[in-house]
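Dear colleague,

Please find below the structure for your attention.

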Amino acid sequence: MKKRALISVSDKTGVVEFAKGLVALGYEIISTGGTAKALSAAGVKNIGISDITGFPECLDGRVKTLHPAVHAGLLARRDLPDHMKQLEDLNINTIDVVAVNLYPFKQTIMKEGVSMEEAIENIDIGGPTMLRSAAKNYKGVCVVVDPADYETVLTHLKEGTLSEEVRFGLMYKVFQHTAVYDTMISTYMREKMGLRFPDQITFAYEKKQALRYGENPQQEAAFYEEAMPKSGSLARAEQLQGKELSYNNINDTNGALDLLREFSDTAVVACKHANPCGVGIGKNVLEAYKTAYECDPVSIFGGIVAVNRTVDGKTAEEMVKIFLEIVVAPDFTKDALEIFKNKPNLRVLRLPDISSPVSQNSYDMKKVYGGLLVQDHDRTLYDEKAVKVVTKRAPSKEEIKQLAFAYKVVKHAKSNAIVVAKDNAAIGVGGGQTNRIWAAQQAIEHAGERVKGAVLASDAFFPFPDCVEAAAAAGITAIIQPGGSVRDQESIDACDKYNIAMVFVEQRHFKH
């Protein structure tokens, strides 16, 4: 039987060179549609698919390769005489090489205003079917889904060394590719249906970069981006300088970006181990950075700094005075970038859409051994209409402003969490404690002398009045918390005793 290769690709990258290489090795080329035209235009002789099937393409090209003359040639096992005899009796030739990539479904649905009809028309049927047939019979068929493999395949074919190991690797890439392709389709349909938590769910990711190691050197790791990229995500950032991002860098920066999205004012967020250690807003970036820095000058050392405005030269001069792992912002002035060059290991990331809200279609996920926890992102802070003053004294306008600021920060600190805020700065953060009073004591201690006249936020209710007692002793004047404890009244009474204003917002923000 003649050596034949079937080539039908949407991505034409390198296909002409690949076809020419196969022809030089004695292969006849079978092709379809636009690929056939591209090959013919390049002088590569090819046979139309209809000449193989004896049946015309029909239904606007929807049916052309779905035919026994194609799939029998792909699926026949070369090691089974009965299979080969049947091919001979049916006058069907084997197909030995398949190069197929699929209709651009991802690119189609990413276009603004794309219709459901257009999306459906870009669901490939024949392509995945051919790929799966060829991959199933990988011992007899060389199947190529990635143009990056064309040169490797040609080299092995020339040398006669297309081993089973190489074929198996190509087969794996096919099933991985079609799985991602089908996942993108099902995700698109699921979102159109508004179905958030179906009985079965799949997610598609593409490798963004290999990492040197995970949380610790003994753990291997990689960073993957969602196959359908999300605006404002760290995976979209452009690294302008500095060392390669590590696993911990990525995790910590993601935490900083989550908190930064809470602010529309000029804001700077500093994080350490994904916990906020400095948050400030100001009239300009320099003021906001200084405010954030002064929250905790110790913890910010070696931390992550996220900014929602362009970083200028004066701010960069302040930043390089200490060791920072990462600075991420929507942009940087030329002066700022020149100053950062003095710290070559500092990772500088540009993320133009840094303030984009979290997509309504995205999920917050935590992997557990043998399973996956999936939930909506915690997108809201609290309903202002639901804010309830529960004490005799109502907070002042300035206290209300500072309470809202503090609650934005405490939402992103690990539970149990308490935040003390004053003058648009998080001056004390107590996070990740096993009881709430410890978190309160930690936050108050960190606030130091600035604590007098400050406000306090709690991510969940007070089970006892001990946090109020600690706040009163420190000189805190107002408290914001969700409420909902069976012992709320004890905390309310304690606030009234010390003339502390307290509001309930009826929405907690656990972050485990």
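A residue is called buried here when its relative accessible area is under 20%. Please note that the model is predicted.

In helix H8 (residues 126-136), the buried residues are Gly-126, Gly-127, Pro-128, Met-130, Leu-131, Ser-133, Ala-134 and Ala-135. Because 8 of its 11 residues are buried, H8 is largely enclosed by the rest of the structure. These buried residues pack against strand S1 (4-9), helix H4 (68-75), strand S4 (97-101), strand S5 (142-144) and helix H10 (164-193).

The crossing of H8 and H10 is left-handed. On the H8 side, Pro-128, Leu-131, Arg-132, Ala-135 and Lys-136 meet Met-171, Val-174, Phe-175 and Thr-178 of H10. The residues of this contact comprise 6 nonpolar, 1 polar and 2 charged.

Helix H10 also takes part in aromatic pairing. The structure contains 11 aromatic pairs. One of them joins Phe-105 and Tyr-181 edge-to-face, with 6.3 Å from centre to centre and 65 degrees between the planes. This pair links distant parts of the chain, as Phe-105 lies in helix H6 (residues 105-109) and Tyr-181 in H10, 76 residues apart. Phe-105 is buried, with a relative accessible area of 1%, and Tyr-181 is buried at 4%. Ring pairs also link Phe-105, Tyr-181 and Tyr-188 into a cluster.

With kind regards

Methods:
Residues are numbered from 1 along each chain as its sequence is written. This is a predicted model: local features need pLDDT of at least 70, side-chain atom pairs count only at pLDDT 80 or more; totals for chains, interfaces and linings use all residues. Side-chain values use heavy atoms; hydrogens and water are left out. Buried means under 20% relative accessible area, exposed over 50%, partly exposed in between (1.4 Å probe, protein chains only). Helices (H or I, at least four residues) and strands (E, at least two) are DSSP runs, numbered from the N terminus. Contact means heavy atoms within 4.5 Å. A crossing is left-handed if the near helix is turned anticlockwise from the far one by less than a right angle, and right-handed if clockwise. Ala, Val, Leu, Ile, Met, Phe, Trp, Tyr, Cys and Pro count as nonpolar, Asp, Glu, Lys and Arg as charged, and the others, Gly among them, as polar. Rings of Phe, Tyr and Trp (its six-membered ring) pair if their centres lie within 6.5 Å; planes under 30 degrees apart count as stacked, over 60 as edge-to-face and the rest as tilted.
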